[in-house]
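Hi there,

Have a look at the model first, then read on.

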Amino acid sequence: MEDISSPAFCLRRGNEVVAAAGYRSWLQSVAHLSVLVAPHSRGRRLARAVASAAVAHALDAGLLPQWRARPYASQRAAVALGFQELGAQLSVRLGDVPLN
């Protein structure tokens, strides 16, 4: 979430933010979504609520929303909002390259 360039769309319970979403604009055409839900608030469709606000904002800005949904719960939320799986991502670490 610290790298988003959009507004943050949040849901609160009292003073606590329990879900948040936003996006980072890539190449001035793609909106790469970030969606977070507090562990104790998962399973309540909160990801869908905040992500739908971020997606609407991205579409209004003329951007193509993209969601890299790795965990199954994230995949379910993405599908519920109409996203379709179009590929896969592979990360490879070569040798003893520092993580910095």
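**What I found**

Helix α1 (residues 46–60) lies across β1, β2, β3 and β4, and it runs at about 30 degrees to β2. Please keep in mind that this is a predicted model.

Now the sheet itself. Its 4 strands follow the order β1-β2-β3-β4, forming an open sheet with mixed pairing. The edges are taken by β1 (9–13) and β4 (64–66); each has a single partner strand, so one side of each is left without a neighbour in the sheet. On average, neighbouring strands are turned by 20 degrees against each other, direction ignored.

Within the sheet, β2 (residues 16–26) pairs with β3 (residues 30–37) in the antiparallel sense, over 8 bridges. In this part of the sheet you can find Trp26 opposite Val30 in β3.

Which residues have the most contacts inside the largest nonpolar core? They are Tyr23, Leu33, Trp67 and Phe83, in a core of 19 residues. Two or more residues each come from β2, β3, α1 and α2 (72–80), and α1 gives the most, with 7 residues. As background, nonpolar side chains in soluble globular proteins tend to be buried together.

Methods:
Residues numbered from 1 in each chain as written. Predicted model: local features only at pLDDT ≥ 70, side-chain atom pairs only at ≥ 80, totals over all residues. Heavy atoms only, no water. Pairing = 2+ DSSP bridges. Axes fitted to C-alpha atoms, helices over the stretch in contact; angles between N-to-C directions. Contact = heavy atoms within 4.5 Å. Core = buried A, V, L, I, M, F, W, Y, C linked by side-chain atoms within 4.5 Å. Buried < 20%, exposed > 50% of the residue type's maximum accessible area, 1.4 Å probe, protein only.
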